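Trainee: I would like a close look at a single part of this model. Please take it step by step and keep to what can be computed from the atoms.

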Amino acid sequence: MVYYIRFLKPPKFHQEKEKKNSKQSRPQLKKTVFITALICITTDLGDDFLAEDVDLVATWAQRSSRQSMDQCALKWQAGCRQVSISMGPYSVDHVAQHEAVLQIRTQAIPQVILGIDSTPLVISGCSAHFSWHAQSKPAEKLVKRELRITDSTPALSLNIWEETGNSIARHIWDAALASIIFLNEIVAGTSTGNIGIPILSQLLNPLSRSSPLQVVELGAGCGIVGIGLATMLDRCKVLLTDLPEVEEIVMRNLDEAHLKPSSTVDYKNLDWDAPPSDLCSQPIDLILVSDCTYNADSLPSLVSVLGRLVRTSPEALVLVALKRRHESEGVFFDLMRSAGFKAQHTTIELPEQHEQRDKIEFYCYRRADESE
Ligand SMILES: C[S@@+](CC[C@H](N)C(=O)[O-])C[C@H]1O[C@@H](n2cnc3c(N)ncnc32)[C@H](O)[C@@H]1O
């Protein structure tokens, strides 16, 4: 289980009046400004805090150039639930010139490197912008994950915004990070026999396709997996789907995406409980589902949508990534079997605190032949 740095209170410029030493009889008041914020280091579910000491660096940077204006060292201590940040004092003239962002990181470089052996335990984050001119208004309640996909030349960047609050949908979940690592292993051709799934490797091999790969993602959340795939893979057309509440953050992430020039990503609302009668008008090659099995109540409608999609695209593969959170999720496998799906299975490990490893499971489903 990795841990995510989140803003409990997003950064803002905070003005304090400081007494300036003066030889005159009445002290002068000089305006000084601080940057304040409150952070925590928590799980994707927000249900637990990191129980290890970690050194952090907070960097106040210019929004556009990302030039660092000031830095301070922070310490997260095992057992704590939040760390407050106060940087400064700065003069008003100094802060008034630029829009700012506040980045909180654990490692030497700003980006988080995603790879089998390189994914860090703590995922750094950068705030939305804030400025002095906005009259001490805090940054929006968002955090940007600046991810770099390893083993790719040139390096692939994946910038994904997520909310800092407790929304289930507008967050990055652990299985999504593992999906990026897993898909990149396959696309870059670095997957070993241990983690690879040959039919998926073949599908994602551009040389084996005469037309663009048609991909649909269900329950896409912030869109990280589908956007990630179109960032690493040429000639793929991804349709992200979810409930209307994610649309705004997905659009923000699409604005920042560095897709392969021949690939596209679109978004459409699709509620598994109320799917349209014309669910899919064209054949699909791959359906992505990441961390969508946590709620046993929604599993019958999720599996029903998968069944309908595969009925019109019998050759489609369904890649399900999941992290087991409770036993009730086991129903998913029974439902998939009853719906005529057959799976190949593999796992990817993510770091866990106290030098443990956490498992994310991948199931690559396809429709079983009548004879199977
Ligand atoms: C735990 S989040 C996973 C998000 C993303 N796939 C990831 O791994 O980061 C589960 C997603 O399923 C979506 N979801 C839940 N019920 C749904 C439904 N009935 N129809 C469509 N999407 C649904 C949620 O909105 C949410 O985005």
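By class, how many nonpolar, polar and charged residues are in the shell around the ligand?

Mentor: The model is a predicted one. The shell around the ligand has 11 nonpolar, 4 polar and 5 charged residues. Of these 20 residues around the ligand, Gly219, Asp242, Asp271, Trp272 and Ser290 come nearest.

Individual atom pairs give more detail. On the side-chain side, a polar atom of serine 290 lies 2.7 Å from an oxygen atom of the ligand. Glycine 219 takes part through its backbone, where a polar atom is 2.7 Å from a nitrogen atom of the ligand. Tryptophan 173 also uses its backbone: one of its N or O atoms there lies 3.1 Å from a ligand oxygen atom. Taken alone, the ligand exposes 590 Å², and the protein buries 95% of that area. The space that the ligand takes is the largest pocket.

Conventions:
Residues numbered from 1 in each chain as written. Predicted model: local features only at pLDDT ≥ 70, side-chain atom pairs only at ≥ 80, totals over all residues. Heavy atoms only, no water. Near = heavy atom within 4 Å. Polar contact = N/O pair within 3.5 Å; in protein donor to acceptor, adjacent residues only side chain to side chain. Areas by Shrake-Rupley, 256 points an atom, 1.4 Å probe, with all protein chains shown as cover. 1 Å grid on protein atoms, 1.4 Å probe; cavity = no way out; pocket = protein on both sides within 12 Å on 5 of 7 lines; lining within 4 Å. Sits in = over half its atoms within 2 Å of the grid points. Nonpolar A, V, L, I, M, F, W, Y, C, P; charged D, E, K, R; others polar.
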